[in-house]
Amino acid sequence: MNRRPFIKLAVGASLASVYSRAQEAQAEPKKLGWALVGLGSLSKNQIAPALLKSKHSRLAAVVTGTPAKGVEWREKYGLAENKVYNYENFDKIIEDKDVDVVYIVLPNSMHHEYVLRAAKAGKHVFCEKPMANTAKECREMIAACEKAKVLLGVAYRCQFEAHHLEAIRFGREKVFGALKHVNAEFGFKIGDPKQWRLRKDLAGGGALMDVGVYALNACRYLTGEEPVEISALETKTDPVKFAEVDETITWQMKFASGITANCMTTYNFNGANNFTVTAEKGRYGMGPAYGYSGQTGWTSDAKVPFAFPPSDHFVLEMDAFSEAIINGKPFAVPGEEGLKDLLAVEAIYRSIKNGKPEAVEKA
Ligand code: NAD
């Protein structure tokens, strides 16, 4: 038999398969495996559906203390039995090569422990806001991730949304001149009096820790500066429901350049969900600003448009984190972002307690 045509065919076939594999690789971008720790409302309704739509992230495992939830999630997302961990065997995730990122979606007080455990397992860690209950814990979380050489990201999803990014650009490029003042508010009427959000040991605080941090974080990214001094007041209309945590807080911040901010957060009523920036030559703002959807922008100058199509913030932030890992680049919202917010939060609580303005500790 003449071997030549066979060799030709074999080479041709293998070249074709190499070519088709290369094409496949091009068509299918690399997806990192994410493990969700805590299968509550946010994981179920926002994060898991977002993982199905993500370009660089996919659901690889879950961690739950409720076996029935494990069964439910296995069925819904086609996870193998060994991809459902519990809080006791969680550390075994170190052996799971399918998991690149661990996403902590637990009550606030548990973020610290689980970020440390995930870092120890050599996994990159994405942590819900507020990053922890204290600045001290944030520092320990940052140090643990540095030691383990893993990336730590804080889930401030607004920092990936188009309107917020445009508002940041307005400030950096002085589109309306130098910034002078920011007004930012976020709150809602909280329901069930038995939930963990009203327990100091689990939540670390009330409205401020839960949603006030969005307004605080916005003031920091809109100005690109850190607050140096804060003055705060607390108002309580229901001392029974809010026996352990804050109900409504108003606070003022002074930034080094002289920019000022006026903020409010509440668990007592709906509707406050906005910011306004006043600059030398005009104003701009958003309302609604911080929810999962409905972002609406406005400016004082009809020639400067401020409208973008809706987006899934969870897809954006998780893909940005995966891409940072894939490309070996820093992540836009690292642990330091959570720490800086907690330093301001602590100054707010100190000011309420001491009845005077308080300096914000430097990161
Ligand atoms: P949730 O109450 O719906 O879920 C919490 C999960 O933690 C549940 O699965 C619960 O079983 C588990 N858990 C484990 N130990 C617990 C304990 N001791 N007490 C209570 N629950 C315990 O809460 P959620 O709304 O999913 O919030 C989880 C985290 O996500 C919080 O840090 C919250 O601030 C954050 N969050 C962020 C956003 C956002 O837009 N980024 C929105 C909502 C919540």
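Predicted model: local features only at pLDDT ≥ 70, side-chain atom pairs only at ≥ 80, totals over all residues.
Figure 1. Residues are numbered from 1 along each chain as its sequence is written, and side-chain values use heavy atoms, with hydrogens and water left out.

**Figure 2. Polar side-chain atoms at the ligand.** A polar contact is a pair of N or O atoms within 3.5 Å; within protein, one must be able to donate a hydrogen and the other to accept it, and residues adjacent in sequence count only if both atoms are side-chain atoms. Asn 108 places a polar side-chain atom 2.8 Å from an oxygen atom of the ligand. For Tyr 214, an N or O atom of the side chain is 2.9 Å from a ligand oxygen atom. Glu 128 has a polar side-chain atom 3.0 Å from a nitrogen atom of the ligand.

**Figure 3. The interface of domain 1 and domain 2.** Domain 1 covers 32–157 and domain 2 covers 159–310 + 333–359, with bounds from an automatic or database domain assignment. The contact (heavy atoms within 4.5 Å) takes 21 residues from domain 1 and 28 residues from domain 2. Taken over C-alpha atoms, the domain centres are 26 Å apart. About 2100 Å² is buried between the domains, and carbon and sulfur atoms give 58% of it; buried area is the accessible area (1.4 Å probe) that two parts lose on being put together, summed over both. Lys 129, Tyr 156 and Arg 157 supply 38% of the area that domain 1 buries against domain 2, more than any other three residues.

Figure 4. Helix H2 (41–53), helix H5 (135–147) and strand E6 (152–154) each supply at least two residues of the side of domain 1 that touches domain 2. Helices (H or I, at least four residues) and strands (E, at least two) are DSSP runs, numbered from the N terminus. H5 gives the largest share of this side, five residues. One salt bridge crosses the interface, a salt bridge being a side-chain nitrogen of Lys or Arg within 4 Å of a carboxyl oxygen of Asp or Glu. Lys 129 forms a salt bridge with Asp 210, with the closest N and O atoms 3.3 Å apart.

Figure 5. The structure holds 21 salt bridges. In one of them, Arg 117 pairs with Asp 91, the closest N and O atoms being 2.7 Å apart. Arg 117 lies in helix H4 (residues 111–120) and Asp 91 in the loop between strand E3 (84–85) and strand E4 (101–104), 26 residues apart.

**Figure 6. Backbone geometry in three loops.** Most residues other than glycine have a negative phi, and most peptide bonds are trans. The peptide bond from Lys 129 to Pro 130 is cis, with omega near -15°; Pro 130 lies in the loop between strand E5 (124–127) and H5. A cis peptide bond also joins Gly 287 to Pro 288, with omega near 0°, and Pro 288 is in the loop between strand E12 (282–286) and strand E13 (297–299). Lys 149, in the loop between H5 and E6, has a positive phi, near 55°.
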